[in-house]
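These are my notebook entries on one protein model. I looked up a few residues and recorded what I found.

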Amino acid sequence: MKKSFKGILFAVTMLVFATMMAGCSDKSSGSNGAEESDYPSKPITVVVPAGAGGDTDANARLLGKYLEKELGQPIVISNVTGAGGTVGANEVLDADADGHTVLFFHNSLLLNRILGLTEDSYDSFKLAGIPILDQGNTFMVSGDSKFKDLKDMVEYARAHPGEVSIATEVGGFTHLQLLALQKDQNIELNIVDVGGASEKVTALLGGHVDIVPTSLGLVKDYVESGDMRSLGIMANDRVDLMPDVPTFVEQGVNSEFEKFFFYGFNPDTPDKFVDEFSKAVEKVVNNEEYVKEAEKFLVTPTYLNQQEAFDYIKKTEEKYIELNKD
C-alpha cells in the first residue's frame with residue numbers, strides 16, 4: 001500500500017507540475033498574442049518630413065484625426081525637416097519595428113535617390129498604402145502679375161532667359177517640375193531655393209519671386225482674396241474639384257505631375273501590424289466626413305493598398321528617371 005501510495009503521490013505531483021508549466025507557457029504565449037491583437041498598444045508617431053503649414057502636414061493631420069478613431073490610439077504628428085525629406089525618412093527606418101512609427105510623405109522621396117542624395121526610397125519601406133492623390137499641382141503668380149496665363153509666361157521666359165524667378169526646394173518635387181518645364185519648352189528660369197511649401201508662399205506674397213509651384217488647395221484662400229492667380233494645373237485632364245482651372249497640357253506644355261501621399265513603415269515591421277494600419281487607412285478614405293474635409297484642400301481621397309501603392313510608385317519613379325536624363 002505504501003509503495004502504491006508513493007506512486008500515486010508522485011504521479012499527482014508530476015501532473016500538478018506539468019499543469020503549472022503549461023499554464024506559464026499559455027500565459028506567455030497569451031501575452032504575445034495579446035500584444036499582436038491589441039495593436040496599436042500606444043500612441044503612433046507619424047513622421048512628416050516637411051514643416052508645419054504645408055500641404056503634407058495638413059493632410060497628415062487631417063488623416064490622423066480620423067485614424068485615431070479607427071485605431072483607438074492618439075496619432076502624434078512629428079515634423080522632421082532636412083535634406084529633402086531624408087532626415088525624416090531615416091528616423092522611421094531607424095525606429096523600432098513595432099508598428100508605432102510610420103512615415104507620411106510624397107513624391108520627393110523618389111527624387112532623393114534619383115538625384116543621388118540617398119540610397120533609400122519607397123522600396124526601403126514596408127508600404128501601408130496611398131490614401132490621397134493631389135492633381136492640383138500648379139504654378140501661382142501674384143494677383144497683379146504681368147503674366148496672364150502659362151503661355152504668356154513661357155513666351156516671356158523664352159525672350160528673357162534667366163529673368164523669370166521661380167521658387168522651389170532644390171531636390172524636391174517642385175524642382176523636378178521646373179526642370180521638366182525648362183526641358184519641354186526650351187526656356188531658362190531663375191530657380192530660387194527658398195525651402196518648403198510655406199516658405200514658397202511667403203516668398204511670392206513678399207514679392208521676392210515671380211512664380212511659386214505649389215498645391216492649389218494650399219493657397220485657395222489667396223486665390224479667393226485675389227492675392228494670387230493660378231497659371232494652370234499639371235493634371236492630364238481638368239479636375240472636377242477645380243473645373244475652371246486649365247491644365248498645362250491645354251496650354252501647349254507637356255507637363256503632367258500627380259502628387260501622391262503614402263504611409264511607410266520600417267521594413268522589419270510585422271505584416272500583421274502594417275495590415276491593421278492599412279485597413280484603418282482604407283476605412284478613413286471611405287469615410288464621407290473625411291472625404292468632405294479633404295476635398296476642401298482640393299485633393300482626391302483615393303485608397304491604394306500596399307501592392308497597388310508599390311506598383312503605382314514604381315511606375316512614377318520610372319517616369320522621373322526618364323525626365324532626369326539629359
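Predicted model: local features only at pLDDT ≥ 70, side-chain atom pairs only at ≥ 80, totals over all residues.

I began with Leu111, which touches Gly171, Gly172, Phe173, Leu176 and Tyr320, not counting residues up to four places away in sequence; contact means heavy atoms within 4.5 Å. I located Leu111 in helix 4 (residues 108-114). Helices (H or I, at least four residues) and strands (E, at least two) are DSSP runs, numbered from the N terminus. Leu111 is buried, with a relative accessible area of 2%; buried means under 20% relative accessible area, exposed over 50%, and partly exposed in between, with a 1.4 Å probe and protein chains only.

Residues are numbered from 1 along each chain as its sequence is written, and side-chain values use heavy atoms, with hydrogens and water left out.

I then turned to Ile77 in strand 2 (residues 75-79). Ile77 counts as buried at 17% relative accessibility. Leaving aside neighbours within four places in sequence, Ile77 is in contact with Val46, Val48, Asp57, Ala60 and Arg61.

Last, I examined helix 7 (residues 197-205), where Ala197, Lys200, Val201, Ala203 and Leu204 are buried. Seen down the helix axis, these buried residues fall within an arc of 160 degrees (taken from the directions from the axis to the C-beta atoms), so they line one face of helix 7.
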